[in-house]
Amino acid sequence: MTDATSHAAEASAQSRLYRSRLDRLWKRGRDFLGTRTAVMGGAMSWVSERHLVSAISNAGGFGVLACGSMAPDQLAVEIAGTRALTDKPFGVNLINMHPALDQLIDVCREQGVGHVVVAGGLPSGATLRRIKDGGAKAMAFAPTLTAGRRLVKHGADALVIEGTEAGGHIGPVSTTVLAQEILPDLREVPVFVAGGIGRGEAILSYLELGAAGVQVGTRFVCATECVAHPNFKQAFIRASARDAQPSVQIDPRFPVIPVRALANEASKRFMEFQRDIIAKVDSGIMSRDEGMLEIEHFWAGALRRAVIEGDVENGSLMAGQSVGLVTREQPVADILAELIAQAESALARRAMDEASLEAMAGVMAEPPVGAL
């Protein structure tokens, strides 16, 4: 065996060792999802449709369809379309406030969906039971430890904790703080961490803190298989982390649910629009309720304008702060492989550091030359 062949064999053996260690760390998540890796795809409206979802699942991750505002018959078609592209497990994300939530859950049951993720508020025990009675595993988002424990008590099979670094609708607490609050103390069910995750080293750190897996959204927007408009993808590739900003509320009388997105002309106009509406309410031209409705409707259709039509100035560019780590368009399989390689490299560096420390300790323990 040549030296080159020997080194290659050794490197391959070490790679298998680190992959094995990573597999042990996220075994609980892999077993729960039924996948090769415990990486869930974030459910992004207009983005997480059949092509991206099936690509994530086919590559060893867990794709999640974003139902959004779909009607039950539309969701049924999208689930069937996804199943035609993959025989691997995938889930469906439903919005808790959807007026047809029960019917959407029934569609998931009829279509044999194995995992249903409820977002947009805390689902009731009745909602979780309806999901589970249909044969699916029920997942929900937990904004606090107390909420997480309540969800588990009501029947949630797994939780997702998502920090303010995420794209789209966000809460006020960072991913790192949520992870420290929840992971050490909530062990009854698998917990997946989301928000701001764009490298494998971060995945490794959350797994070691107790996470069963992670959810990644923004990194997958620029996947080759993603149907998002090229203009939308280029906006992500050009952006830095600080470009992904939360929407601003002008007046507490007119609450705005914060949404993190790339700043553009539309986000600037939204500020002026709020001021104009507030002035009309204060002058008596319109009621407060009418004003709130106008503000809520400002972004109607804005996400579709950006994602599908490519209008990146007048549409909504929902993105997490990890957008700064998106540098090019890549196939989903390459994105997942890159994340895994980064996690394995972190494990390898740690092993080298530990070996160096052990060697140093051995040298220091030896008696000096010439000592009696």
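This is a predicted model: local features need pLDDT of at least 70, side-chain atom pairs count only at pLDDT 80 or more; totals for chains, interfaces and linings use all residues.
Biologist: What about W46, which is not a glycine?

Modeller: W46 has a positive phi of about 70°. W46 sits in the loop between strand 1 and helix 3. Its relative accessibility is 44%, so W46 counts as partly exposed.

Biologist: Is S48 buried or exposed?

Modeller: The cut-off for buried is under 20% relative accessible area. S48 has 5% relative accessibility, so S48 counts as buried. S48 also lies in the loop between strand 1 (39–41) and helix 3.

Biologist: Which residues does S48 contact, leaving aside neighbours within four places in sequence?

Modeller: They are G42, A43, V53, V64, L65 and A66. V53 belongs to helix 3, and V53 is buried too.

Biologist: Which residues of helix 3 are buried?

Modeller: Helix 3 spans residues 50–58. Its buried residues are L52, V53, S54, A55, I56 and S57.

Biologist: How should I read a nonpolar core?

Modeller: In soluble globular proteins, nonpolar side chains tend to be buried together. Here the largest nonpolar core has 100 residues. L75, L94 and F192 touch the most other members. Helix 15 (residues 332–365) gives the largest share, nine residues. Domain 1 and domain 2 both give residues to this core, so the core lies between them.

Biologist: What does L94 touch, not counting residues up to four places away in sequence?

Modeller: L94 touches C67, L75, L101, L104, I105, C108, V116, V117, V118 and A119. Another core lies apart from the largest one. That other core has 10 residues, among them V256, V281, M286 and F298.

Biologist: How do I look for empty space inside a model?

Modeller: Rolling a probe the size of a water molecule over the atoms shows where empty space is left. A search of this whole structure finds one cavity of 30 Å³ or more. The largest cavity holds about 40 Å³ of space.

Biologist: Which residues line the largest cavity?

Modeller: The lining is I105, C108, R109, V113, V116, R130, I131, G134 and A136. Six of these residues are nonpolar, one is polar and two are charged. I105, C108 and V116 are also contacts of L94.

Biologist: Which helices each supply at least two residues of this lining?

Modeller: They are helix 5 (101–110) and helix 6 (125–133). Helix 5 gives the largest share, three residues.

Biologist: Where does L204 lie, and what does L204 touch?

Modeller: L204 lies in helix 9 (residues 200–209). Its relative accessibility is 2%, so L204 counts as buried. Not counting residues up to four places away in sequence, L204 touches L25, A343, A346, L347 and R350.

Biologist: Which helix holds R149?

Modeller: R149 lies in helix 7 (residues 145–153). At 43% relative accessibility, R149 counts as partly exposed. Not counting residues up to four places away in sequence, R149 touches D185 and L186.

Biologist: One more loop residue. Where does N264 lie?

Modeller: N264 lies in the loop between strand 11 (259–262) and helix 12 (265–282). Its relative accessibility is 7%, so N264 counts as buried. Leaving aside neighbours within four places in sequence, N264 is in contact with V312, E313, N314, G315 and L317.

Definitions and conventions
Residues are numbered from 1 along each chain as its sequence is written. Side-chain values use heavy atoms; hydrogens and water are left out. A nonpolar core is a set of buried Ala, Val, Leu, Ile, Met, Phe, Trp, Tyr and Cys residues joined through side-chain atoms within 4.5 Å. Buried means under 20% relative accessible area, exposed over 50%, partly exposed in between (1.4 Å probe, protein chains only). Helices (H or I, at least four residues) and strands (E, at least two) are DSSP runs, numbered from the N terminus. Domain bounds come from an automatic or database domain assignment. Contact means heavy atoms within 4.5 Å. On a 1 Å grid over the protein atoms alone, a cavity is a set of points where a 1.4 Å probe fits but cannot get out, and a pocket is an open set with protein on both sides within 12 Å along at least five of seven lines; lining residues have an atom within 4 Å of a point. Grid points are joined across faces, edges and corners, and a volume is the space filled by probe spheres set on the points. Ala, Val, Leu, Ile, Met, Phe, Trp, Tyr, Cys and Pro count as nonpolar, Asp, Glu, Lys and Arg as charged, and the others, Gly among them, as polar.
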